[in-house]
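Please examine the sequence and the structure shown below.

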Amino acid sequence: MKFDLHVHSKYSYDSNLSPEKIIKFAKKKGLNGVAITDHNTILGGIETSRINKDKDFHVIVGEEIKTEYGDIVALFIREEITARNFEDVVDEIKNQEGLSVLAHPFRHFKSPEKIINKLDLVEGFNARSKAEDNLKAIEIAKRYNKALCAGSDAHFSFELGMGRTIANEEIEEALRNGDCEIEGKESNYYFVHGLSVSMEKIKGWLK
C-alpha cells in the first residue's frame, strides 16, 4: 500500500487544496491513503477524515508544527498540538500516542543531529526538498538507526503522491516497526515554493 504522509489542505496558509480534492486526486494517483499535516492545525485532517466514505482509503490526522529547531510532523493525533517549543511538542505527541517525524531535516533545520534521537521517524524523502537534501536525510536516519517515511509536502493537487511511503501491513504498525520503504520524485523546488508564496499572499489579500 502507498501513502503520502505529508499533505497540506486549505487550512494551511499557503495551500488551496480542499479535502474533497485531496481524496479525489490521491485516489487518481493510486494512493491508499494520506496524512493531512497542516501548519499548526488539525482542522484539515479532521475534515478530510470526516468526509472520507471509502473504507479502503485511509486518512491520517496530522499536523506540522514549527519549533525553534525546525518543523516537526505529528501523525495519528487526536488533538491539536498547542506547544511550539520542541521538547513540549514532542511530549504532546507522545501523550497522544502519536508519532513524531523530523520533517525535511536539511531544508531549514539547525543541527538536526541534536534532536533526532527524541523523534520516532525521519522524513527521508520530501518531494519539495532538493535531491541532495533528501540523500542527507536518508544518511542521517541510517546513522541514528531511525525509521524512514516519505511525503510529497503537497500544497497543490498536481503534487499529491510525489513522495510515497510503502507498507505491506497496516500503516501505523509498519511505521512503528520501521517496516516501510520510501520512493518519490522531487518537484521543481523553486516553482512549487514560489506557488506557495503566491498562494499565501492571495489568501492574505482575500481575508
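The model is a predicted one, in which local features need pLDDT of at least 70 and side-chain atom pairs count only at pLDDT 80 or more, while totals for chains, interfaces and linings use all residues. Residues are numbered from 1 along each chain as its sequence is written, and side-chain values use heavy atoms, with hydrogens and water left out.

Side chains of opposite charge can pair when their charged atoms come close. A salt bridge is here a side-chain nitrogen of Lys or Arg within 4 Å of a carboxyl oxygen of Asp or Glu. By this rule, the count of salt bridges is nine.

One of these pairs joins E183 to K2, with a distance of 3.3 Å from N to O. This pair links distant parts of the chain, since E183 belongs to strand β9 (residues 181-184) and K2 to strand β1 (residues 2-7), 181 residues apart. Strands (E, at least two residues) and helices (H or I, at least four) are DSSP runs, numbered from the N terminus. E183 has a relative accessibility of 26% and therefore counts as partly exposed; K2, at 33%, also counts as partly exposed. For these classes, buried means under 20% relative accessible area, exposed means over 50%, and partly exposed lies in between (1.4 Å probe, protein chains only). Together with R164, the residues K2 and E183 are linked in a network of salt bridges.

Other pairs lie within a helix. In one of them, D133 forms a salt bridge with K136, and the closest N and O atoms are 3.6 Å apart. D133 and K136 are separated by about one helical turn because they stand three residues apart in helix α4 (residues 131-143). D133 counts as buried at 14% relative accessibility, whereas K136 is partly exposed at 36%.

A further salt bridge connects R176 and E172, whose closest N and O atoms are 2.9 Å apart. These two residues are four apart in helix α5 (residues 171-177), so about one helical turn separates R176 from E172. R176 is partly exposed, with a relative accessible area of 41%, and E172 is partly exposed with 23%.

Finally, where is E159 placed? E159 is found in the loop between β7 (147-151) and β8 (163-166). Its relative accessibility is 0%, so E159 counts as buried. Apart from neighbours within four places in sequence, E159 is in contact (heavy atoms within 4.5 Å) with K29, R128, S152, D153, A154, S187 and V192.
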